[in-house]
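Please open the structure in your viewer and keep the selection tool at hand.

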Amino acid sequence: MTKHFLVLGTGGTIAGSAGSAIRRDYRPGQIAIDDFLGSVAPLGLEARLSGRQIANMGSEDIGWPVWHKLHTAIVQAMKDPEFDAIIVTHGTDTAEETAFLLDRTLPSTKPVIIVGAMRAADAVGSDGLRNFANAMQVAGDRHAPGRGVMVVMNDFVHSARDVRKAHTSGTDAFRGFPRGPIAMVTPSSLEWFGEPWRRGEEARFAFPERLPEIAMLYAFAGMEPVLVEQAVATGAKGIVLAGFGTGNMPQTIRAALSEAAAAGLLVVRSTRVDEGLVDIEPDDAACGFVAARALNPQKSRILLQLLLADGIADPARAQQEFNRR
Ligand code: SIN
């Protein structure tokens, strides 16, 4: 039977245009989802597509209001027997954050796929339609459910927890860490690298009514503790440090962050380095810190928001969620 996919448009470069095939200064979020699906139709791919515009913006402007709309639409589509899978077109800049937030707040029953492009729809060598055709191939596959939210880019499928944008402009901008891609895909083939690990699993967190304030601090040589003091003074409920190497920091920052943790803020040690674990260290318990493990600062921030919105402020309990796949 022909599969039916709900396609939720949010904008980004996949919906971007410059009005010329060679101009660099295109604008994201220009093409309405129904027009985009009109350009997919001639590819002759076997599936029914229904489009719905959630937003049409550059993903740098995405936040709670769009996430809430998106989440609500996906939950409805998951319950609706009409739809076999949900595809979200999205800007690549914050795709990893949207993917991770949805991954933690949706059941893992029907496939949910986020797809974007690095080149605008009217650019020479545009990758949007190719990525979208690949997303359709994943959406229709019987082995796709049970892998959480996935991101499809450049002939690879990544899991929401591992995926990150690692290049500013190349079509191969996305990487997975610590797990690399979970499948290779083309419009006519799909090869999974392992078994689903979240079959039939319920959402891990409720979608929050609001996202608590989290300060993000980027470590640098000569960093002064006043930055931590300012974050606390502005009312942040948690702090993510993009630390050095394995989540290291100057002694003065350690002292200031320990004080913040003692005052009840959840403090996460992540890293400004692109790959590698920030593992639990002997001092973490004494300082009241949580180790980000494989989560980069931007995903650590989302997890912290979900934990705090769920009333979890205990570092040991928070650590369990940072350890989870
Ligand atoms: C955006 O994230 O909306 C712009 C960049 C992109 O989609 O590649």
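Predicted model: local features only at pLDDT ≥ 70, side-chain atom pairs only at ≥ 80, totals over all residues.

The secondary structure comes to nine helices and 14 strands, and the C-alpha atoms fill a box of roughly 60 × 45 × 35 Å when it is taken along the principal axes. With 325 residues, a compact globule would have a radius of gyration near 20 Å, and because the chain has 20 Å, the two agree.

Next, select strands S11, S12, S13 and S14, which form an open sheet in that order, with parallel pairing. The edge strands are S11 (214–218) and S14 (289–291), each of which pairs on one side only. If you look from one strand to the next, the twist averages 25 degrees. As background, strands of a sheet pair through backbone hydrogen bonds, either parallel or antiparallel. For a detail of this sheet, zoom in on S13 (residues 266–271) and S14, which pair in the parallel sense over three bridges; here Arg269 stands opposite Ala291 in S14.

With both helices shown, how do H8 and H9 cross? The axes of H8 (residues 297–309) and H9 (residues 315–323) come within 11 Å and cross at roughly 130 degrees, which means that H8 is oblique to H9. The crossing is right-handed. Show side chains to see Ser300, Leu303, Leu304 and Leu307 in H8 meet Ala318, Glu321 and Phe322 in H9. The residues of this contact divide into five nonpolar, one polar and one charged.

Select Asp155, in the loop between strand S5 (149–153) and strand S6 (156–159); although Asp155 is not a glycine, it has a positive phi of about 70 degrees. Finally, select Phe177 and Pro178, which are joined by a cis peptide bond with omega at about 0 degrees. Pro178 lies in the loop between strand S8 (174–176) and strand S9 (183–186).

Notes. Residues numbered from 1 in each chain as written. Heavy atoms only, no water. Axes fitted to C-alpha atoms, helices over the stretch in contact; angles between N-to-C directions. Helix = DSSP H or I, 4+ residues; strand = E, 2+ residues; numbered from the N terminus. Parallel < 35°, antiparallel > 145°, perpendicular 65-115°, else oblique. Left-handed = near helix turned anticlockwise from the far one by under 90°. Contact = heavy atoms within 4.5 Å. Nonpolar A, V, L, I, M, F, W, Y, C, P; charged D, E, K, R; others polar. Pairing = 2+ DSSP bridges. Rg over C-alpha atoms; globule rule 2.2 N^0.38 Å.
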